[in-house]
Amino acid sequence: MTVYTPRRAARVLLVDAAGRVLLFAGFDPARPDHRYWFTPGGGLEPGEAPAAGAARELAEETGLRLAPERLGEPVWRETVRFPFDGVQYEQEQVFFLVRVPAWEVDTAGFDDVERASVTGHRWWPAEELAGTDERYYPTDLPALLGRVLPGPPGPGAAEAVAGPAAAGPAGAVATGPAAGGPATVSAGGPVEGGAADGGTPC
């Protein structure tokens, strides 16, 4: 009988003005040939709220700093089971939608596991994801993007302007292309339940 380690996680669908989603390329250290693409995000700390964890992970992995309240409500939640580095996880995870005009990814905040298992990143158009043979998580990502990205953000969307709440590492104002301009953050959307196999703790 497989024993699963329970885990809570928060992830971010970071989408630019062209409708492309940011994905990292990585692999399972225990299975180096098992390579895949995945969204920014990761495990929640004890007692940490999902929005706070998503904002923390987004800053650590991309350099984009947003106050947790700017993320709004999750647009998707699911439970996944997967192995990583020899451990079997059952992970409850939620996804937040963040839209930016553009962003220059800064991975200086990666932890040791991420530095060892993440090999790159890329902005993916949804239609290209739908046609690729490469592995990615969540496995229904193109359909999910189709549901949460029907068009430009509506009047209820929040805007986070680069500054104290959208600062880069060490509190400096973000230096990516979005610096000085608005980063539109989803103010909510449909939360749907799901269950799937496959995922990553990073």
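Q: What makes arginine 81 count as lying over the face of tyrosine 4?
A: In this predicted model, arginine 81 is 4.4 Å from the ring centre of tyrosine 4. The cut-off for a charge over a ring is 6 Å, along with an angle within 35 degrees of the ring normal. Arginine 81 is listed as over the face, so it counts.

Q: How do you know that arginine 122 lies over the face of tryptophan 124?
A: The distance from the ring centre is 4.0 Å.

Q: Why are phenylalanine 24 and phenylalanine 110 called an aromatic pair?
A: Their rings are 5.6 Å apart, centre to centre. Rings pair if their centres lie within 6.5 Å, so these two pair. A search of the whole structure finds 6 aromatic pairs.

Q: Why is the pair of phenylalanine 24 and phenylalanine 110 called edge-to-face?
A: The angle between the planes is 65 degrees. Over 60 counts as edge-to-face, so the name applies.

Q: What makes this pair a link between distant parts of the chain?
A: Phenylalanine 24 sits in strand S2 (residues 20–28). Phenylalanine 110 sits in the loop between strand S6 (87–99) and helix H2 (112–117). The two are 86 residues apart.

Q: Are phenylalanine 24 and phenylalanine 110 buried or exposed?
A: Both are buried. That word means under 20% relative accessible area. Of the 202 residues of the protein chain, 48% count as buried.

Technical notes:
Residues are numbered from 1 along each chain as its sequence is written. This is a predicted model: local features need pLDDT of at least 70, side-chain atom pairs count only at pLDDT 80 or more; totals for chains, interfaces and linings use all residues. Side-chain values use heavy atoms; hydrogens and water are left out. Buried means under 20% relative accessible area, exposed over 50%, partly exposed in between (1.4 Å probe, protein chains only). Rings of Phe, Tyr and Trp (its six-membered ring) pair if their centres lie within 6.5 Å; planes under 30 degrees apart count as stacked, over 60 as edge-to-face and the rest as tilted. Helices (H or I, at least four residues) and strands (E, at least two) are DSSP runs, numbered from the N terminus.
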